[in-house]
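Hi everyone, thanks for coming. Let's look at some charged pairs together, and then at a pair of helices.

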Amino acid sequence: MKEAIRLEHLTKQFGAVTAIDGLTLSVEHGEIFGIVGPDGSGKSTLMRLLTGIMDPTSGDAWVNGHHVATHSEAVKEDIGYMSQRFGLYEDLTVMENIRFYADIYGVSRREWRDRIERLLAFSDLTPFKKRMAGNLSGGMKQKLGLVCALIHTPKILFLDEPTNGVDPLSRREFWRILEQLLQQNVTIFVSTAYLDEAERCHRIGLLHHGQLLGVGTPHEVKRLMRGAVIQIRTNEPREVFHLLRAKQGTQAANLFGDRVHVVSEQPQAMMEEIRKTLDAAGISNLGLRVAEPSLEDVFISVLAEKQGVAPDDQP
């Protein structure tokens, strides 16, 4: 099979709730593919389906040529999987955790000796190999979880929100390690709620209520957005954010630090309206311009279009 991962009309239902709704998708060998979506979008369910932990209600999926339902054991031999709550043992040291997972995956002692040292160096954990896992920082725990998932040299790595709750510096370090894995021909399928992380993926899929709203490179996905992004820079971003939402009665204004983004198909007219609104409220305007859309802007715009709300009806 050419693709590392292939889905055809994959569906998972829990009673009356459809968690994954007829997904068709392919992931090539050697790419980082990101599933992007908020909590409740179906990311974790999709991970469990593709790793053979859960059977689909209907449809099919193959991982490295193995059908996830009929050959789930073969799937598990070829993959590494790091769930949101990876099962590290906090009363074991870093080295003891890695050896434990080596035993689970059936890695022989001769194989894991060299492999462990390489992975420890790769993840910058060598100085901490005797430290109890419970005494590691959040970022170091995530790196240890990744090492444990890699100990058997998987062909495809599944990571379910691996940097959730980790500080920004540790997140960047974790992604540096993932990018190095590509040099070893590892395919990475990662879910994230952080849209800045999605920019690091070769391709992404926007997932909402189990449905894909768009698939492509980050640049291609940005082109799905109707209209332009207006960026407002102000000393009172939260006040502007709430003011624009209240004035227009929709959810389209987005807050980005000291900036607020608004999407419109008529940006010049919208900018003039925003200026008048801010002046009337006595709020200072430090800058108003058309800006490059973020993936979060795109996600909200595409979702609004799907729900039948025009961009000009949003801020």
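Arg115 and Glu111 sit 4 residues apart in helix H4 (residues 109–122), about one turn of the helix. Helices here are DSSP runs of H or I with at least four residues, strands are E runs of at least two, and both are numbered from the N terminus. The two side chains form a salt bridge, with the closest N and O atoms 3.9 Å apart; that term asks for a side-chain nitrogen of Lys or Arg within 4 Å of a carboxyl oxygen of Asp or Glu. Arg115 is buried at 15% relative accessible area, while Glu111 is partly exposed at 36%. Buried means under 20%, exposed over 50%, and partly exposed in between, with a 1.4 Å probe and protein chains only.

A word on the source: this is a predicted model, where local features need pLDDT of at least 70, side-chain atom pairs count only at pLDDT 80 or more, and totals for chains, interfaces and linings use all residues. Residues are numbered from 1 along each chain as its sequence is written, and side-chain values use heavy atoms, leaving out hydrogens and water.

By the salt-bridge rule, the count comes to 18. One of them joins Lys155 and Asp78 at 3.6 Å, N to O. This pair links distant parts of the chain, 77 residues apart: Lys155 is in the loop between H5 and strand E7 (156–160), and Asp78 is in helix H2 (residues 72–78). Lys155 is partly exposed at 45%, whereas Asp78 is buried at 10%.

Over in helix H10 (residues 267–281), Arg275 and Glu272 are 3 residues apart, and their side chains meet in a salt bridge at 3.6 Å, N to O. Glu3, Arg6 and Glu8 are linked in a network of salt bridges.
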